[in-house]
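User: Hi! Could you walk me through a structure I'm about to look at?
Analyst: Happy to, please show it here.

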Amino acid sequence: MESQSFLSRAGELRGELAEIWHTLHRHPELGNQEHFTSKTIEAELCALGLEVRRVLDTGLAAELIGAEAGRTVVFRADMDALPVQEATGVAFASEIPGCMHACGHDFHVTAALGAARLLAERRDRLRGTVRFLFQPDEEGDGGAARLIAAGCLQGADAVFGAHVSPELPAGTVGVRYGKFYAASDMFNIAVRGRSCHAATPEKGADALAAAAEMVGAAAALRRELTELFGPTVISVGSLRAGTARNVIADTAAMEGIIRTLGPQARAAAVEALRSRVEEIAAAHGVRAEFERRESYPGVVNQDAATAHAEASAVQMLGKDRVLRIDTPTMTTEDFGYYLQCLPGSFYHIGVGGDQPLHSPRFLPDEAALPVAAAVHAQVLYDYLNK
Ligand code: NI
C-alpha cells in the first residue's frame, strides 16, 4: 500500500525532521526577516534536487517535477515567528530574545520539507508538478498576497495548506468544508459636529451623542448579522470625543474591527454599518466619514478539494483520526488569498498539548511531525496521480 509507505517512511525520518524543526525553533524570525529560515529551507530543497526560486526577499518557490507530465499543485507553508518571549523551557527553545515560533510555523516548514522529501523519493511515479511555497509574513501584512502578485500561482491547478492545531490530538487531521476562517476589516469613523455651550445643546451638533449611538448601532448590527449569517463580529475598540463637561463635543473618532464568515456576510456587514452610520449622522445633524480598510479575506474551502484531502487522510490514518471541524473560527489566516485564485483546501494538523497558539508555552507534539509530512505528501501525490 502506497499510503502506508509514506507514513512508515516518514516515521523513519522522524529524527531528521525533528532536528530541522529544532534548528528552526531556535532561530525564529519575524515577518519579512526570515533570512536564516529561508537559507535553511533552500539548502534542504536543493539537496532534494528541487528547482528553487527566491521570491520577494525571503520567500521561496520550489518545484518538484514528476517523471510524467500532468497538473501542478501548490502547497504553502508559512515561515514567520511572533514577538513573544518563549517560556516552554525546552532544550531547543528560542535563542532570540522576545521572538518565538508561538504559532508553529517552524513546524509547518518542517512538515512541508518532509513532504518534499517523501515525494522526491517517489518522483519516478509522480504525474505532474508539486510547487512548494515558503511564504514570509503571515502574521503581519499578508505575505500571501505578495507571493501571488509575484506570480507564484501561475499555471497551478489547486492549492493546499495546513496549520497546526493544539485543539486536536497529535496524530489526527482536522478538515473543514466551506467557511473556515473569518475575513477581517478595520474601520475608522470620524464624526464632525459643532460645539456650543452644553446648557444650550440645540445650538450645536453633538458629535459625541452621535458617536455613542453609532457604538450602540454597531452592537445591534452584530446581533442582526449573526442571526442572518452565523458568527459575525463588529467591535468598536476605541472612541475619543469631547474636551469639557460643559462643552458639546464637535468631533468624535472611533476605531473598530469587523470579522465575518464568507464574502456575502463581509459585504453585508460593511455596507450595513456604513449606512447606519450615515443615518445616525443625518439624524444628529453631524457629518460622519466611514473609512474601511480591508485586511485578510476569509478562508473558504472548496468542497471538492476538501473531500480530496479528507479521502487521502482517511486512507492513510483511518476514519477515527480524521476529524471534521464543526465550527469555523473568527481568527484570520492569509491562506484565503490563495483560495481566491485557485480551488483548494486548508486543513489542521493535530499537535495536542494544553497551550493555545501564540502562548509563550505553545509546543507541538513531535509525534505529529511525521504524520503531517506523510499526510501532505499523500494529499499532493493523490491529487496529481488520481
Ligand atoms: Ni499561524
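Predicted model: local features only at pLDDT ≥ 70, side-chain atom pairs only at ≥ 80, totals over all residues.

User: Great. Which residues coordinate the nickel ion?
Analyst: The nickel ion is held by Cys103 through SG and by His105 and His163, each through NE2, at 2.1 to 2.3 Å.

User: How are those donor residues spaced in sequence?
Analyst: The pattern is C-x1-H-x57-H. The two histidines link distant parts of the chain, 58 residues apart: His105 belongs to helix α4 (residues 105-120), while His163 sits in strand β5 (residues 158-165).

User: And are His105 and His163 buried or exposed?
Analyst: Both are buried.

User: Switching topic: where is Ile257?
Analyst: Ile257 lies in strand β10 (residues 251-260). The C-alpha atom of Ile257 is 7.7 Å from that of Gly237, a residue 20 places away along the chain.

User: What does Ile257 touch beyond its sequence neighbours?
Analyst: Leaving out residues within four places in sequence, Ile257 contacts Asp185, Met186, Phe187, Val233, Ile234 and Ser235.

User: Tell me about Asp185, then. Which strand is Asp185 in?
Analyst: Asp185 is part of strand β8 (residues 183-192). With 0% relative accessibility, Asp185 is buried.

User: What does the side chain of Asp185 pair with?
Analyst: It makes a polar contact of 2.9 Å with the side chain of Arg266. Not counting residues up to four places away in sequence, Asp185 also touches others, including Gly256, Ile258, Val270 and Arg292.

Definitions and conventions. Residues numbered from 1 in each chain as written. Heavy atoms only, no water. Donors = N, O, S within 2.8 Å, 3.2 Å for Na, K, Ca; no water. Helix = DSSP H or I, 4+ residues; strand = E, 2+ residues; numbered from the N terminus. Buried < 20%, exposed > 50% of the residue type's maximum accessible area, 1.4 Å probe, protein only. Contact = heavy atoms within 4.5 Å. Polar contact = N/O pair within 3.5 Å; in protein donor to acceptor, adjacent residues only side chain to side chain.
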